[in-house]
Amino acid sequence: MKEAMHFLKLIHSFSGKILYINLFAMIIISLFEGVGIYLLLPLINVTKIIDIKIHDSYLNRKILFIFDSIPQTIALTIILTIFVFVIISQSFFQRNQTILNTKIQQGFARKIREETHKLILLANWGFFLKNRKSDLINSMIMETGRVSGGVNLLLNFLSSIVFTLIQIGIACIFSVKMTIFVTTFGLVLVFFLRKFIKQNNKLGKDNIELSQTYMAGISEHINGIKDIKSNNLEEKHISWFKRLNEKMEENVIRTADLKTRTTFIYKVVSACLIGIFVFLSIKLFKGQSASLVLILVIFSRIWPRITGIQSNLEQIGSVLPSFKNLLNLQKECLEYREINEKMIHDVKPMEINKGLECKNVYFKYNIVEKEYALSNVNLQFPVNRMTAIVGPSGAGKSTLIDLLMGLNQPGRGEVLIDGAPLNNEIVLSFRNSLSYVPQDPFLFNTTIRGNLLLIDQKASEEQIWEALRFAAAEDFVKKLPSGLDTLIGDRGIKLSGGERQRLVLARAILRKPSILILDEATSALDTENESKIQEALERLKGTMTIIVIAHRLSTIRNADQVVVLNQGEVIQQGQFNQLAKEKRGMFSLLLKKQLEVSG
Ligand SMILES: Nc1ncnc2c1ncn2[C@@H]1O[C@H](COP(=O)(O)OP(=O)(O)OP(=O)(O)O)[C@@H](O)[C@H]1O
């Protein structure tokens, strides 16, 4: 209930006065509809198909007697003209109200999508470590879709309430007793069938879980298709997918079962009630034709409305979990917020004069865990010097880089830029002054030029080729049939791993950063291209701060300092040759192993 109110409040705050115009239109439509249907009574009366004698009724005294004093043809013309006018007006309002409804629904859907998307992008790295990517995609696609459908349901629900109230009011003019009777039965039924709303709510929650699992499964299967194929895992994944689909199908059938069950109950009750009323009115109250017509008219008007309210409530019940899911996601994004919207505009790169420093840095991914991913790290990264970070797998090299980029914050200790703490206020301009090339380079599904210009829209043709030359990518780009305008496919799939790495490197250089961070950035390159990049880095030395994570130790021979990490701790630090001489140190061990492997 709380969520339903929140949902309504949000729609209200978003749509403002359009919501009231919408409600007003609903009232008018309902009035026209009521008048249109009840015009049948004077019509029947005038044509004398049935002799309607509504004794003592307000309507008879006020309206029907008017037609008694007018000749039949004129009365008929007047009634039919009113009838046509009413139907045309109702259709006119109905059309405009439907457009208004769509505007409210689409506007709200757009707002909730944009808001959630923005909050996700402004969240910090911890948020992305905590949440599955596929769950976020599911929320952005499936849940926003359901919520947008929910807006429609809520508007329908409001309109059902308004329509019902007006229909009840009009029906009261004919017979208060009969109207109270029908309405009371309807409300009693809504009360007893409220458990179905809860069941729908539960089905809605199951639906979210199933759709999250579906989204996660699909993205894993598509992303891991190479592994699946090369390891003969098709059968396993196909049967997993089949089981999941069976569950989803079951859920949809259960929803339909629930929905039709309530409709069935309403129909049964309505048939029984009509039977009982007609019987009582004929046998006990010696009812006349007018009572029978009234029973049928009032029933046909009010009962579907009450059924509509119940059905709306059930459907809203199944949509509310999606709304809650989005609200929780937005709340979580706010808890993990890194930057606000104002900060992302016109970010100027920061000038770094002395360098970066890690001071007594401790970090762990999970607070409840005992083990630290990094502990007591004290390091200096002097400006315009090259620092290489090495160590066995899992030593904490990437974790250290994430901390240096301000993606994660140390649990204890500080990361300092020119002696000042790296906090949210400076993090954007700091990141604007660095370029990062990750292990698995990401490229957008556009042209090579498009991917490069993403970093610097204003880069000239000459600057682009210079960056490509630096990254040893000039030759292969020139050989492509469309050169810079070649489309490289989803995540750059049409390129080899090494080509992708070289393009991302070129993109990083195009920014002319003051800090260049390479995380295994040359791991997919052959020796020839790697040595070209080595030479280029050599040329860059002294002009920017370079931090390199490298497994191939031959590539860091010329680094100004080498940092050796093991199990999250700095165990050695110094120049390449100096560390290589420390025979018992981890560095010479790593060197020895690599020499053995390369034979
Ligand atoms: N998102 C995460 N959640 C929990 N633990 C993590 C996460 N990422 C890394 N770790 C853990 O932190 C430790 C350091 O990982 P990190 O990725 O920094 O190592 P690395 O030295 O870069 O390894 P590699 O050379 O294999 O890339 C490892 O024990 C790893 O299991």
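**Close-up views of a predicted model**

View 1. Val-563 stands opposite Gln-573 in β10. Strand β9 (residues 561-566) pairs with strand β10 (residues 569-574) in the antiparallel sense, over 5 bridges; pairing here needs at least two DSSP bridges between two strands. Helices (H or I, at least four residues) and strands (E, at least two) are DSSP runs numbered from the N terminus. Between the two strands of this hairpin sit 2 residues, and Gln-567 takes a positive phi near 45°.

Before moving on, a word on the model. It is a predicted one, where local features need pLDDT of at least 70 and side-chain atom pairs pLDDT 80 or more, while totals for chains, interfaces and linings use all residues. Residues are numbered from 1 along each chain as its sequence is written.

**View 2. The surroundings of the ligand.** Among the residues around the ligand are Leu-129, Tyr-365, Lys-397, Ser-398 and Thr-399, each counted when its C-beta atom, placed from the backbone, lies within 6 Å. Helix α13 (residues 397-404) gives the most to this shell, with 3 residues.

**View 3. Helix α9, end to end.** The 30 residues of helix α9 (residues 194-223) should span 44 Å at 1.5 Å a residue, and the end C-alpha atoms are 44 Å apart, which agrees; the expected span is 1.5 Å times one less than the number of residues. Which residues of α9 are buried? They are Ile-197, Asn-200, Gly-204, Asn-207, Ser-211, Gln-212 and Met-215, where buried means 20 or more other C-beta atoms within 10 Å of a residue's own, with C-beta atoms placed from the backbone. An α-helix has 3.6 residues a turn, so residues three or four places apart point the same way.

Conventions: A residue is buried if 20 or more other C-beta atoms lie within 10 Å of its own, exposed if 12 or fewer, and partly exposed in between; C-beta atoms are placed from the backbone.
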